[in-house]
Amino acid sequence: VASAGVAAARVVFLGNAVIAAPDISAIIDGLAEAGLPLILCCGPSGLALPQSGARLAQRRIDLLAIEQNDWVLAGRDPRCVVVNTRTELDWAVKHGEVSVWAPSKMVLDAVHAPSVRASASDLAHWLAGEMGAAEFLVMDETAALPQGGVPARRAGNAA
């Protein structure tokens with residue numbers, strides 16, 4: 001649920017093709033045209049990840065892989081600020097910043113965390129619910145649309 005005095009945001013899950021797009025800044029411009037604060041979410045880059053036999057260790061490896069891709073996105077557009085706490089997200093939304101969500105802290109600290117088997121897009125959809133998002137967009141042709149909670153819709157490379 002959105003915090004008191006904080007506007008509802010547009011949460012967008014970006015696939016690797018969008019993150020790597022030469023016109024990523026124009027894509028972000030298009031997403032911002034709706035006038036809603038933006039929270040951008042990434043999945044892992046697609047590179048091979050280290051594997052652990054321990055479920056919780058693998059969870060951290062998977063979350064860190066997402067965060068590496070967050071920094072790739074942040075390096076492509078100076079408006080993108082990587083944030084990892086609810087307080088930082090609330091502040092960014094209130095001030096109209098473009099946030100890139102680093103999920104480790106919130107997911108690992110959550111009382112009702114998503115399943116350890118949740119995909120990156122499922123984690124982003126969980127965040128949309130936690131933030132009381134106005135909408136959840138998926139800009140990744142390979143990601144399934146999450147069910148329940150904040151309604152999800154697929155968007156093309158332009159909003």
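**View 1. Contacts across the sequence in the predicted chain.** In this predicted model, 62% of the contacts between residues at least 6 apart in sequence join residues that are at least 24 apart. The elements that are brought together number six helices and six strands, and from the N terminus they follow the order β-α-α-β-α-β-α-β-α-α-β-β.

**View 2. Overall dimensions and surface of the chain.** The radius of gyration is 14 Å, which agrees with the value near 15 Å that a compact globule of 159 residues would have, and the C-alpha trace spans about 45 × 35 × 30 Å along its principal axes. Buried residues account for 45% of the 159 residues, while the accessible surface comes to about 7,900 Å², with 57% of that area belonging to carbon and sulfur atoms.

**View 3. The largest nonpolar core.** This core holds 25 residues, and those touching the most other members are Phe 13, Ile 39, Cys 41, Leu 89, Trp 101, Leu 127 and Phe 136. Among the elements that give two or more residues to the core are strand S1 (10-14), strand S2 (38-42), helix H3 (55-76) and strand S5 (135-139), although the largest share, seven residues, comes from H6.

**View 4. The surroundings of Trp 101.** Beyond its neighbours within four places in sequence, Trp 101 is in contact with residues including Ile 39, Leu 40, Cys 41, Asp 70, Leu 89, Leu 123 and Leu 127. A second, separate core of 22 residues includes Leu 14, Ile 27, Cys 80 and Val 82.

**View 5. Charged side chains.** The chain carries 12 positive and 16 negative side chains, and the centres of these two sets lie 6 Å apart.

Methods:
Residues are numbered from 1 along each chain as its sequence is written. This is a predicted model: local features need pLDDT of at least 70, side-chain atom pairs count only at pLDDT 80 or more; totals for chains, interfaces and linings use all residues. Side-chain values use heavy atoms; hydrogens and water are left out. Helices (H or I, at least four residues) and strands (E, at least two) are DSSP runs, numbered from the N terminus. The radius of gyration is taken over C-alpha atoms; the globule rule is 2.2 Å times the number of residues to the power 0.38. Buried means under 20% relative accessible area, exposed over 50%, partly exposed in between (1.4 Å probe, protein chains only). Contact means heavy atoms within 4.5 Å. Accessible areas come from the Shrake-Rupley method with a 1.4 Å probe; for residues, only the protein chains shown count as cover. Lys and Arg count as positive and Asp and Glu as negative; His and the chain ends are not counted. The place of a charge is taken as NZ of Lys, CZ of Arg, CG of Asp or CD of Glu. A nonpolar core is a set of buried Ala, Val, Leu, Ile, Met, Phe, Trp, Tyr and Cys residues joined through side-chain atoms within 4.5 Å.
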